[in-house]
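Biologist: Can you walk me through this one? I'd like to start with the pocket.

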Amino acid sequence: MLHAPSLSRRHLLLGAAALPIAASGSSAFAAADMLGVGGTKYNRMKIGGFEVTTLLVGSRPVENPKSIFGLNVGDDEFAEVSRLAKIPTDVAQFFFTPTVVNTGSELILFDTGLNPAGITDALTQAGYSADQVDKVVITHMHGDHIGGLYSEAGETFNNASYVTGFAEFDFWNGQENERFEGKVRPLAEKFSMIGDGDAVASGVTAMAAFGHTPGHMAYMLESDGAQLVLGADFANHYIWSVAHPDWEVKFDRDKAAAAATRRRMLGMMAADDVPFVGYHMPWPGVGYVETRGDGFHYIPASYQLML
């Protein structure tokens with residue numbers, strides 16, 4: 001009977017070293033193309049009986065973030081805080097993250113991104129279509145939240161009704177604003193107006209979060225004892241807003257009110273251990289907060305909301 005020879009690890013290494021190299025002196029296989037930085041476009045999780053899906057409709061680097069965040073602190077403090085967080089001071093990565101909530105009886109979209117193509121593509125990748133959306137909730141009327149509502153082809157969500165805060169609508173309705181006129185005005189008759197504490201659907205409650213805009217709203221989701229806050233733009237960065245809620249942000253219309261809103265909401269979520277979705281938080285936009293010193297610490301969600 002023939003026996004296979006015994007091979008030691010040393011023999012295997014020597015054998016590998018002796019393999020012939022292509023006559024050209026290069027590898028026999030072509031190198032793979034560089035594809036650039038990438039990631040997923042949607043992230044789905046469970047909140048009780050709800051399915052909640054964050055959608056990445058855009059992401060871009062923005063130079064000189066000190067011109068946007070920490071307007072009331074010095075350059076040295078901004079640089080040291082950034083250094084400790086291991087993030088650069090010359091550029092920041094921005095994320096734009098609408099959220100879909102499937103309650104089991106309704107499909108509700110919170111905010112619409114920058115344009116119709118972006119939101120419809122993200123919905124498709126997540127397994128939905130624009131025609132399936134029953135209700136569109138606008139947290140506030142900055143361009144990156146209303147951009148997907150309407151185009152020259154008409155409304156994006158043909159079967160949906162629309163909801164926003166009455167204070168927010170009244171403010172922009174009284175302004176000369178091209179975005180509002182082009183995206184919201186054509187749908188104005190289809191909007192329902194709500195206030196703090198009003199229900200958008202069973203288990204979906206509006207929360208006044210004024211400051212970023214005059215009528216900015218957040219939303220509390222509650223299902224089967226589980227909670228999640230859809231925070232929209234109450235905080236725009238996980239270090240320069242969440243960790244330091246008193247730092248002024250360029251895009252906050254009432255900076256003192258916005259800081260007070262951040263402290264109130266972050267304090268509530270830290271005390272009650274409630275996760276939140278932030279429209280501009282690092283993708284996939286979901287995390288927890290805990291108190292740390294005079295501010296807060298952002299903890300990205302891992303698998304907690306998958307179970």
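Biologist: How do the lining residues of the largest pocket divide into nonpolar, polar and charged?
Modeller: Eight are nonpolar, seven polar and four charged. This is a predicted model: local features need pLDDT of at least 70, side-chain atom pairs count only at pLDDT 80 or more, and totals for chains, interfaces and linings use all residues. Residues are numbered from 1 along each chain as its sequence is written, and side-chain values use heavy atoms, without hydrogens and water.

Biologist: Which residues lie nearest the centre of the largest pocket?
Modeller: F94, F96, D144, F251 and H280, out of 19 lining residues.

Biologist: And which element gives the largest share of that lining?
Modeller: β4, with four residues.

Biologist: Switching topic. Where is confidence lowest?
Modeller: In helix α1 (residues 9–17), at a mean pLDDT of 48. pLDDT is the predictor's confidence in each residue, from 0 to 100. Strand β6 (residues 107–110) is highest, at 99. The chain mean is 93.

Biologist: How many salt bridges are there?
Modeller: Nine. A salt bridge is a side-chain nitrogen of Lys or Arg within 4 Å of a carboxyl oxygen of Asp or Glu. One of them pairs K190 with E155, 3.1 Å from N to O. K190 sits in the loop between α6 and β11 and E155 in strand β9, so the pair ties together parts 35 residues apart in sequence.

Biologist: What about D252 and R262, buried or exposed?
Modeller: Both are buried, meaning under 20% relative accessible area, with exposed over 50% and partly exposed in between (1.4 Å probe, protein chains only). Their closest N and O atoms are 3.0 Å apart.

Methods: 1 Å grid on protein atoms, 1.4 Å probe; cavity = no way out; pocket = protein on both sides within 12 Å on 5 of 7 lines; lining within 4 Å. Helix = DSSP H or I, 4+ residues; strand = E, 2+ residues; numbered from the N terminus. Nonpolar A, V, L, I, M, F, W, Y, C, P; charged D, E, K, R; others polar.
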